[in-house]
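Q: I'm new to this one. Could you take a close look at how its aromatic rings pair up and walk me through it?

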Amino acid sequence: MIIGLCLCSCCTIGQVKHDYKPLSKSQQTDIDNMMFAREVSSFIVNDRIPIGPINLTNVLNIISHNPIEGTRIRLSAETNNKTFSSSKFLKNRLAFSAMAAYGFEDQRFKYGVGAAFNFATKPKGVYSFPCSTLNINWEDNTYSPSYPNYDVAYFSFGSWDRFYFASKKQFTVSFLQEFPSAFAFRPFAYWQKIDSYLLYDAGNITELLDPNYDYINKAVGIELSYSPSRKGFNLFNILNSRFYSLPTQFSVSYSYNIQSYRFDNEYNKIEATLQHRFFFKPMALDFKIVGGKIFGTSNRYMYFTPNYMTTTVSNTFGFNLYSPYEMMFKEYVQTFTQWNFGGILLDNITFFKKFRPNEFVNFKALLTADNTPYAEVGVGIDHILSFFGLEVVKRLSNENPYDMPEWAIKIRCNIGF
């Protein structure tokens with residue numbers, strides 16, 4: 001009996017009694033709101049629809065518009081984890097992608113194809129961390145050096161007073177090697193041929209390339225990066241977040257370039273990006289700086305270009321009021337700083353709290369060797385149901401040679417592209 005009592009005592013030592021209380025109605029409502037916002041955000045940001053072994057991608061941007069192509073229709077697709085699921089070797093290793101587009105104004109078809117293969121020992125996906133992935137891509141497409149996402153649907157509602165628009169063929173090959181420490185390197189090479197280079201200015205279109213010459217650009221280089229956000233995936237933090245995605249990243253890229261157009265140009269190009277979010281829960285401070293420099297000679301349309309697009313939709317990490325006569329520089333530094341209040345103000349109002357808003361104030365600046373520094377400040381609210389908000393923008397630069405507006409009210413919209 002004594003032995004039995006001792007055994008029972010030993011069994012109860014260290015046991016912890018858990019009291020499980022059901023969620024209150026308000027807690028359940030908060031969770032439902034978060035889940036709904038997450039579902040909406042997931043569709044808008046990921047911007048894809050799975051159809052069996054294929055994903056339709058960029059579905060929110062199938063139709064866009066610009067003054068060169070007119071109405072542009074783009075269809076994009078990629079393989080998913082079901083495509084090669086029956087193959088033990090190819091499963092989670094191989095992926096293909098394709099894009100087709102057509103402009104009703106220029107009446108040209110554009111297309112692109114790509115393939116990726118992960119050489120990692122036991123990959124969970126083609127691009128899963130840490131990956132050893134080879135990428136090969138070919139495209140015959142249009143692009144704008146000032147607006148890398150020119151065919152995003154909401155850019156169609158922007159100002160096209162002055163911009164450069166090119167037609168190019170490009171072959172790219174790269175290899176991304178990541179390490180568990182989150183460091184990575186990516187050697188790359190590409191061959192590019194520019195078929196046309198147009199300047200659209202106040203409704204007039206000017207071709208800047210001489211038809212008697214071919215413009216060819218060849219480059220080899222390497223990118224070094226540190227991206228700790230790639231190491232893991234915290235569903236709760238993403239579900240609970242009210243902020244735009246700004247993963248921690250530091251990268252430096254170097255390339256050696258040769259241009260052939262009338263005469264050969266050789267130059268070295270260095271680019272760097274640093275971005276990080278400092279948490280002061282529930283608030284946060286975002287910081288991003290992007291810069292680069294060209295050493296040597298280069299044709300003007302290959303110069304660095306700041307992230308710029310004037311549209312009724314707020315350009316989150318680029319400028320909203322900047323409209324210079326020339327936007328291409330051999331060197332520039334572009335900064336972005338934003339203080340996120342994380343609902344600390346509007347959560348006191350029941351009506352706003354259920355939409356999980358984020359109040360913010362930001363400051364943006366551009367420094368170049370050629371122009372007077374530019375700066376603007378914005379204040380507003382975003383992340384209502386994960387994707388909607390408003391922003392009031394004020395230009396701080398006194399000099400205004402290109403009729404830049406001083407004030408603007410813009411929609412703050414997070415749509416994947």
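**A close look at the aromatic rings**

A: Let's start with F183, which is partly exposed at a relative accessible area of 47% (buried means under 20%, exposed over 50%, and partly exposed is in between, using a 1.4 Å probe and protein chains only). Keep in mind that this is a predicted model, where local features need pLDDT of at least 70 and side-chain atom pairs count only at pLDDT 80 or more, while totals for chains, interfaces and linings use all residues. Residues are numbered from 1 along each chain as its sequence is written, and side-chain values use heavy atoms, leaving out hydrogens and water.

Searching the whole structure turns up 21 aromatic pairs (Phe, Tyr or six-membered Trp rings with centres within 6.5 Å; planes under 30 degrees apart are stacked, over 60 edge-to-face, the rest tilted). Strands here are DSSP runs of E, at least two residues, numbered from the N terminus. Y226 is partly exposed too, at 29%.

Next come Y213 and Y261, an edge-to-face pair at 6.1 Å and 75°. Y213 sits in the loop between β10 (204-207) and β11, and Y261 in strand β12 (residues 249-261), so this pair ties together parts 48 residues apart in sequence. Y213 is partly exposed at 39%, whereas Y261 is buried at 7%.

Elsewhere, F89, F117, F119 and F175 make up one aromatic cluster.

Conventions. Helix = DSSP H or I, 4+ residues; strand = E, 2+ residues; numbered from the N terminus.
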